[in-house]
Amino acid sequence: MTGIFITMEGPDGAGKTTQAKLLGQYLTDRGRQVVFTREPGGTRISEAIRQLVLDPTYGEMADKTEILLYAAARAQHVRELIIPALEEGKVIICDRFIDSTLAYQGYGRGIDPALIKTVNEMAIQGVKPHLTLVFDLEPGEGLERIKERQKGEVDRLEGEGLAFHQRVRQGFLAIAREEEQRCKVVDARKSLEQVHRQVVQLVEAYLKG
Ligand code: Z5A
């Protein structure tokens with residue numbers, strides 16, 4: 001597989017989606033074929049699972065149900081979209097992937113990371129990101145950015161307390177420390193342009209090998 005798989009990770013509202021688009025444009029302008037996608041989602045079935053797993057009316061959802069639903073969405077996404085795009089030599093920019101399960105369900109909810117890894121081994125079918133950009137921002141700041149955009153509406157995870165989101169943030173930073181070759185931390189507090197410059201530098205450094 002000759003493509004490049006880049007994932008964007010970090011707390012809610014850290015600017016991943018915005019920066020994914022800017023990076024996509026930057027790479028397209030340099031002749032790369034870019035595919036944008038997201039998790040949970042990216043395919044018809046995975047988007048249907050997204051509706052279910054983020055719906056705030058399912059407050060009774062058990063922790064293990066939640067990790068299995070994220071993994072099910074991921075299995076379809078990897079098989080139907082990510083592997084074919086990698087085989088076609090494209091650059092895939094994916095808004096969240098397995099690190100989000102480790103951060104939200106592992107560090108956030110306290111589910112054993114070994115269990116998360118076991119469940120996800122089947123889902124990812126050996127596919128791992130080449131480069132992961134971890135957007136780091138105080139959760140309070142990220143949630144404020146989102147609230148403004150969503151006019152007060154929140155999904156099932158955004159509605160968790162600040163302590164949960166603090167654990168998630170620390171989880172992302174711990175993952176980045178454990179896998180420093182793959183994961184690069186981006187200071188997401190800066191302006192859009194400054195964050196974009198950091199992203200470009202990190203991607204160019206990866207591409208130059
Ligand atoms: N989840 C999980 O628990 N387990 C898993 O395995 C997976 C996911 C895969 C997906 O929701 C949820 O699923 C997520 C984790 C969970 N948590 N929740 N809740 P989502 O995809 O809807 O949410 P998100 O990934 O957090 O995306 P987001 O809310 O859209 O945030 P973002 O993509 O990081 O930020 P953004 O949309 O680019 O920007 C947010 C706002 O800030 C927007 O108004 C921008 O204009 C503004 N912005 C962006 N950058 C800046 C800067 N630099 N300065 C000022 N303002 C900025």
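**Close-up views of a predicted model**

**View 1. The largest nonpolar core of the predicted model has 24 residues.** Among these, V53, A103, Y104, L157, V168 and F172 have the most contacts inside the core. Two or more residues each come from α2 (44–54), α3 (63–87), α4 (98–108), α5 (113–124) and α7 (162–178). A second, separate core of 20 residues includes A20, Y26, L131 and L133. A nonpolar core is a set of buried Ala, Val, Leu, Ile, Met, Phe, Trp, Tyr and Cys residues joined through side-chain atoms within 4.5 Å. Buried means under 20% relative accessible area, exposed over 50%, and partly exposed in between (1.4 Å probe, protein chains only). Helices (H or I, at least four residues) and strands (E, at least two) are DSSP runs, numbered from the N terminus.

**View 2. The ligand sits in the largest pocket.** A pocket is an open set of points on a 1 Å grid over the protein atoms alone, where a 1.4 Å probe fits, with protein on both sides within 12 Å along at least five of seven lines; a molecule sits in it if more than half of its atoms lie within 2 Å of its grid points. The ligand is surrounded by 27 residues, of which K16, T17, T18, R96 and T101 are the closest; a residue counts as near if one of its heavy atoms lies within 4 Å. At least two residues of this shell come from each of α1 (16–29), α2, α3, α4 and α6 (139–150), and α4 gives the most, with four residues.

**View 3. Polar side-chain atoms of R96 and Y70 lie by oxygen atoms of the ligand.** The distance is 2.6 Å for R96 and 3.2 Å for Y70. An N or O atom in the side chain of R145 is 3.3 Å from a nitrogen atom of the ligand. Taken alone, the ligand exposes 1,100 Å², and the protein buries 85% of that (Shrake-Rupley method, 1.4 Å probe).

**View 4. The side chains of E66 and Q105 make a polar contact (3.0 Å).** A polar contact is a pair of N or O atoms within 3.5 Å; within protein, one must be able to donate a hydrogen and the other to accept it, and residues adjacent in sequence count only if both atoms are side-chain atoms. E66 lies in helix α3 and counts as buried because its relative accessibility is 1%.

**View 5. S46 lies in helix α2.** S46 counts as buried, at 0% relative accessibility. Its side chain makes a polar contact with that of T43 (2.6 Å).

Residues are numbered from 1 along each chain as its sequence is written, and side-chain values use heavy atoms, without hydrogens and water. In this predicted model, local features need pLDDT of at least 70 and side-chain atom pairs count only at pLDDT 80 or more, while totals for chains, interfaces and linings use all residues.

Note on methods:
1 Å grid on protein atoms, 1.4 Å probe; cavity = no way out; pocket = protein on both sides within 12 Å on 5 of 7 lines; lining within 4 Å.
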